[in-house]
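Subject: Handover of a structural model

Dear colleague,

Please find below the model that I am handing over to you.

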Amino acid sequence: MLLVVVKSDSEEVVKRARRAVGGLELLPGLYLTWTPRERLAKAVEALKREIIKRWDAEGRGPTLEVAVLPLTEEQYRELRPMARAVVEEAAESLLAEMDRLLEAMRSGKRRGEGLLGWYRDVASRYQKLVDASVALDIEPTVMGRLREKWKEVSLEAGRLR
C-alpha cells in the first residue's frame, strides 16, 4: 500500500495526477493506492515531463510536487478508518445516484444514449468502488446494499437495449 501526496497550483494538473495515481482520495491531494509502485512512478514521470515541456514552451507553468510513501501494515491500520469512511460516503452517494438512474429508466421519459451514458458512468464508478473495497479489505455494510442495487440497475439497463 502506498500513500501519495500531490501538491500543485493547477486544478488541471491535480486532476491528471488523480487519474494517474488511482486509488482512494482520503483528502484533497492525499491518496491511498494499491497501484504498483513502478506503474505509479511512470505515470508521475510522464506528468512531470509534460509540465516541463509547458515551462520550456511558455516560460511558466504549473507547479507539481509528489511524494510517494510506502506504508507498513501498522501505518495502514491507522489510515484504514479514514479509508473506510471515504468508501462508505462514496457508496452512499452512488446508491442515491443509482436510485435516480433507476427512476429515470423506469419512467420512460428519458431514452437512448443519455441513459446508457449515465449507466456507463455509474458502472465505471461502481467498479472502482468495488475494486477499492477489495484492495483495501474494507467491507462496509452499505456495500451489500450497493451490490443489490447494482443488480437492479443492470437488469433495467438490459431492458433498455
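The notes below cover the sheet, the helices packed on it, and a group of aromatic rings.

The model is predicted, so local features are given only at pLDDT of at least 70 and side-chain atom pairs only at pLDDT 80 or more, while totals for chains, interfaces and linings use all residues. Residues are numbered from 1 along each chain as its sequence is written, and side-chain values use heavy atoms, with hydrogens and water left out.

**The sheet**

Helices (H or I, at least four residues) and strands (E, at least two) are DSSP runs, numbered from the N terminus. Four strands form an open, antiparallel sheet in the order 2-3-1-4; two strands count as paired if DSSP finds at least two bridges between them. Strand 2 (24-27) and strand 4 (65-70) each have a single partner strand and stand at the edges, so one side of each is left without a neighbour in the sheet. On average, neighbouring strands are turned by 25° against each other, direction ignored. Strand 1 and strand 3 run antiparallel and are joined by four bridges. Val4 stands opposite Tyr31 in strand 3.

**Helices on the sheet**

Helix 1 packs on the sheet and touches strand 1, strand 2 and strand 3, its direction making about 15° with that of strand 3. Helix 2 also packs on the sheet, where it touches strand 1, strand 3 and strand 4, and its direction makes about 175° with that of strand 4. Contact here means heavy atoms within 4.5 Å; axes are lines fitted to C-alpha atoms, for helices over the stretch in contact, and angles run from 0 to 180 degrees between N-to-C directions.

In helix 1 (residues 11-21), the buried residues are Val13, Val14, Ala17 and Val21. Their arc around the axis is only 100°, which puts them on the same side of helix 1. The arc is that of the directions from the helix axis to the C-beta atoms. Buried means under 20% relative accessible area, exposed over 50%, and partly exposed in between (1.4 Å probe, protein chains only). The buried residues of helix 1 pack against strand 1 (2-7), strand 3 (30-33) and helix 2 (37-58).

Helix 5 (residues 142-160) has 19 residues and reaches 27 Å from first to last C-alpha, close to the expected 27 Å, that is, 1.5 Å times one less than its number of residues. Its buried residues are Val142, Met143, Leu146, Lys149, Trp150, Val153, Glu156 and Ala157. They cover an arc of only 135° around the axis, which puts them on the same side of helix 5. The face turned away from this buried side carries the exposed residues Leu155 and Arg159.

The structure holds two aromatic pairs. Rings of Phe, Tyr and Trp (its six-membered ring) pair if their centres lie within 6.5 Å; planes under 30 degrees apart count as stacked, over 60 as edge-to-face and the rest as tilted. Tyr119 and Trp150 have ring centres 5.4 Å apart and planes at 5°, so the pair is stacked. This pair links distant parts of the chain, Tyr119 in helix 4 (residues 113-135) and Trp150 in helix 5, 31 residues apart. Tyr126 and Trp150 are also stacked, at 4.8 Å centre to centre and 15° between the planes. Tyr119 is buried at 11% relative accessibility, Trp150 at 15% and Tyr126 at 9%.

With kind regards
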